[in-house]
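Hi,

Here is the structure I promised to pass on to you. Have a look at it first, and then read on for what turned up when I went through it.

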Amino acid sequence: MLEQLNSFLIVTGLFKNPNLILRDLATELNIPEHQLSQLVNDNLKLGFSNYINNYRVEEAKKMLLVNNKITIEAIGYEAGFNSKASFFTTFKARTGTTPNQFRKQKLVQD
């Protein structure tokens with residue numbers, strides 16, 4: 001079931017919706033909210049928002065590497081964050097670096 005959930009999120013890109021909530025995803029999957037919440041919590045030891053933010057950070061990392069013409073702030077919004085602050089805070093917490101530093105490090109490595 002977890003693999004199906006991961007595939008669904010990647011294929012649909014639903015995680016890019018900044019207003020996505022557990023209820024919406026459960027409705028899309030046609031399963032009860034508590035079942036979806038339990039699936040994520042029990043298997044990944046993450047809350048729903050952390051689970052979705054992991055997808056958003058991974059999407060932002062991809063965009064930072066391939067597109068220098070779009071602003072970092074715009075990348076955050078494209079990846080599904082609803083504010084610059086939440087993007088920067090979450091990105092740094094997950095990667096240990098800011099989005100700008102991440103982009104610069106990858107450019108230097110190449």
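Val-57 is buried, because its relative accessible area is 2%, and the cut-off for buried is under 20%. Please keep in mind that this is a predicted model. The residue sits in helix α4. Leaving out residues up to four places away in sequence, Val-57 touches Phe-81, Thr-90, Phe-91, Arg-94 and Thr-95. Gly-76 is 19 residues from Val-57 in sequence, and their C-alpha atoms are 8.4 Å apart in space.

Helix α4 itself covers residues 48-66, which makes 19 residues. From first C-alpha to last it reaches 28 Å, close to the 27 Å expected at 1.5 Å a residue.

**The view from Thr-90**

One of the partners of Val-57 is Thr-90, which belongs to helix α6 (residues 84-95). Is Thr-90 buried or exposed? Its relative accessible area is 12%, so Thr-90 counts as buried. Setting aside neighbours within four places in sequence, Thr-90 is in contact with Asn-53, Val-57 and Phe-81.

**How α5 meets α6**

Helix α5 (residues 72-79) and α6 have axes that come within 9 Å and cross at roughly 85 degrees. That angle is why α5 is described as roughly perpendicular to α6. On the α5 side, the contact is made by Ile-72, Glu-73, Ile-75, Gly-76 and Tyr-77, and on the α6 side by Lys-84, Phe-87 and Phe-88. Sorted by type, the residues of this contact are five nonpolar, one polar and two charged.

**A buried arginine**

Next comes Arg-103, in helix α7 (residues 99-109). With a relative accessible area of 11%, Arg-103 is buried. What does Arg-103 touch, not counting residues up to four places away in sequence? Its partners are Leu-64, Asn-67, Asn-68, Ile-70, Ile-72 and Ile-75. For Ile-70 there is a distance to go with the contact: its backbone oxygen lies 3.3 Å from a polar atom of the Arg-103 side chain.

**An exposed loop residue**

For contrast, look at Asn-30, in the loop between α2 (22-29) and α3 (33-44). Its relative accessibility is 70%, so Asn-30 counts as exposed. Asn-30 and Ile-72 are 42 residues apart in sequence, and 35 Å separate their C-alpha atoms.

**The whole chain**

Stepping back, the protein has seven helices and zero strands, and from the N terminus on its elements run α-α-α-α-α-α-α. The C-alpha trace spans about 45 × 25 × 20 Å along its principal axes. Of the 110 residues in the protein, 34% are buried. Among contacts with a separation of 6 or more, 57% are between residues 24 or more positions apart.

Happy to talk any of this through once you have had a look.

Best wishes

Key:
Residues numbered from 1 in each chain as written. Predicted model: local features only at pLDDT ≥ 70, side-chain atom pairs only at ≥ 80, totals over all residues. Heavy atoms only, no water. Helix = DSSP H or I, 4+ residues; strand = E, 2+ residues; numbered from the N terminus. Buried < 20%, exposed > 50% of the residue type's maximum accessible area, 1.4 Å probe, protein only. Contact = heavy atoms within 4.5 Å. Expected span 1.5 Å × (residues − 1). Axes fitted to C-alpha atoms, helices over the stretch in contact; angles between N-to-C directions. Parallel < 35°, antiparallel > 145°, perpendicular 65-115°, else oblique. Nonpolar A, V, L, I, M, F, W, Y, C, P; charged D, E, K, R; others polar. Polar contact = N/O pair within 3.5 Å; in protein donor to acceptor, adjacent residues only side chain to side chain.
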